[in-house]
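Have the viewer open as you read.

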Amino acid sequence: MSRENGNDNNETPPSSQKTTTKKQLCCRCNQRRPALKRPKTLEQICKECFYEVFEEEIHCVIVENRLFKAGERIAIGASGGKDSTVLAYVLSELNRRHSYGLDLFLLSIDEGITGYRDDSLETVKRNEIQYGLPLKVVSYKDLYGWTMDEIVKMIGLKNNCTFCGVFRRQALDRGAALLKVDKLVTGHNADDIAETVLLNILRGDIARLGRCTAITTGEDGPIPRCKPFKYTYEKEIVIYPCNLNSHL
């Protein structure tokens, strides 16, 4: 009994034993510690690899869907929001890195809504300088002779969003025509497309349901529209500029 007690006394108590835990590393490079879990794939990934895979996936979408041809003039619909700002930066970077041979332009619409578009237009003007992309601002006032504020005074608040949506789509088309571009790209992402699908299902709009998931629309018209962010999650678009705040 005393020998057993002696052996017990010589054993190291569990609480004092050193426990070693393996440090988790980025699942892609296996070198750096992960900075985030990708919403799209749930991978634990470092920020350097996130930048790389985010941009590479968009490059693959562009190449696999043959969105552009060398020498084309491309207008980027620039609202000053997160989607179009990230799109402008990524597309300009990929154009340079992979030698797409595109002439890129920023196209922004000024609806004439006091306190709504002013700040975002300033963002677009900063993008023009930061990314070195020519900017064209087209206003409702110039195109239609009315600002949206003036239209609301005439028709009231009811259905004003419907009017504005129609005017905005037409303004983008007319602005793209003024720039003499071959295609117009927008920042519509996977979340936007999913919402549109559900909305068209609820409305029973079969015709639009068949068109809304296409990566390129309007090919039968003068200026097709492309969605390079078709497979990109909104959460990752939000994360991207947070990590690249020195650029965006």
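## Aromatic pairs and their surroundings

Y140 is buried, and F167 is buried too; buried here means under 20% relative accessible area, exposed means over 50%, and partly exposed is in between (1.4 Å probe, protein chains only). Bear in mind that this is a predicted model, in which local features need pLDDT of at least 70, side-chain atom pairs count only at pLDDT 80 or more, and totals for chains, interfaces and linings use all residues. Residues are numbered from 1 along each chain as its sequence is written, and side-chain values use heavy atoms, with hydrogens and water left out.

How many aromatic pairs does the structure hold? There are 9 aromatic pairs in the structure, where rings of Phe, Tyr and Trp (its six-membered ring) pair if their centres lie within 6.5 Å, and planes under 30 degrees apart count as stacked, over 60 as edge-to-face and the rest as tilted. The table gives two of these pairs.

| Pair | Centre to centre | Angle between planes | Class |
|---|---|---|---|
| Y140 and F167 | 6.0 Å | 85 degrees | edge-to-face |
| Y144 and F167 | 5.0 Å | 35 degrees | tilted |

Helices (H or I, at least four residues) and strands (E, at least two) are DSSP runs, numbered from the N terminus. Elsewhere, F50, Y51, F54, Y89, Y131, F229 and Y240 are linked into a cluster by ring pairs.

## The nonpolar cores

The protein chain has 10 helices and 8 strands, and buried residues make up 39% of its 248 residues. Among contacts (heavy atoms within 4.5 Å) between residues at least 6 apart in sequence, 66% join residues at least 24 apart.

The largest nonpolar core has 38 residues, and F54, I62, F68, I76, V90 and V185 are those with the most contacts inside it. Such a core is a set of buried Ala, Val, Leu, Ile, Met, Phe, Trp, Tyr and Cys residues joined through side-chain atoms within 4.5 Å. Two or more residues of this core come from each of helix 2 (47–64), strand 3 (73–77), helix 3 (82–97), strand 4 (103–110), helix 4 (118–131) and helix 10 (234–243). Helix 2 gives the largest share, 8 residues. Not counting residues up to four places away in sequence, V185 touches F68, I74, A75, I76, G77, L87, L91, C226 and P228. Another core lies apart from this one and has 18 residues, among them F105, L172, A176 and V181.

Helix 2 is also the place of H59. H59 is buried, with a relative accessible area of 12%. Leaving aside neighbours within four places in sequence, H59 is in contact with L94, H98 and Y100.

## Annotated positions and the pocket

An unreviewed UniProt entry lists G77, A78, S79, D83, I109, G187 and D192 for "binding site". Positions from UniProt are given in the numbering used here, feature names are shortened, and annotations may be inferred rather than shown by experiment. From this set, the lining of the largest pocket takes in G77, A78, S79, D83, G187 and D192. On a 1 Å grid over the protein atoms alone, a pocket is an open set of points where a 1.4 Å probe fits, with protein on both sides within 12 Å along at least five of seven lines; lining residues have an atom within 4 Å of a point.

S79 sits in the loop between strand 3 and helix 3. With a relative accessible area of 23%, S79 is partly exposed. Not counting residues up to four places away in sequence, S79 touches S84, R117, S120, V124 and R168.

## Cysteines and positive phi

A search of the whole structure finds 0 disulfides, a disulfide being a pair of cysteine sulfur atoms within 2.5 Å. C27 counts as partly exposed, at 45% relative accessibility.

Most residues other than glycine have a negative phi. N30 has a positive phi, near 55 degrees, and lies in the loop between helix 1 (2–10) and strand 1 (36–37). N30 is exposed, with a relative accessible area of 53%. S99 has a phi near 55 degrees, also a positive value, and is placed in the loop between helix 3 and strand 4. S99 counts as exposed, at 61% relative accessibility.
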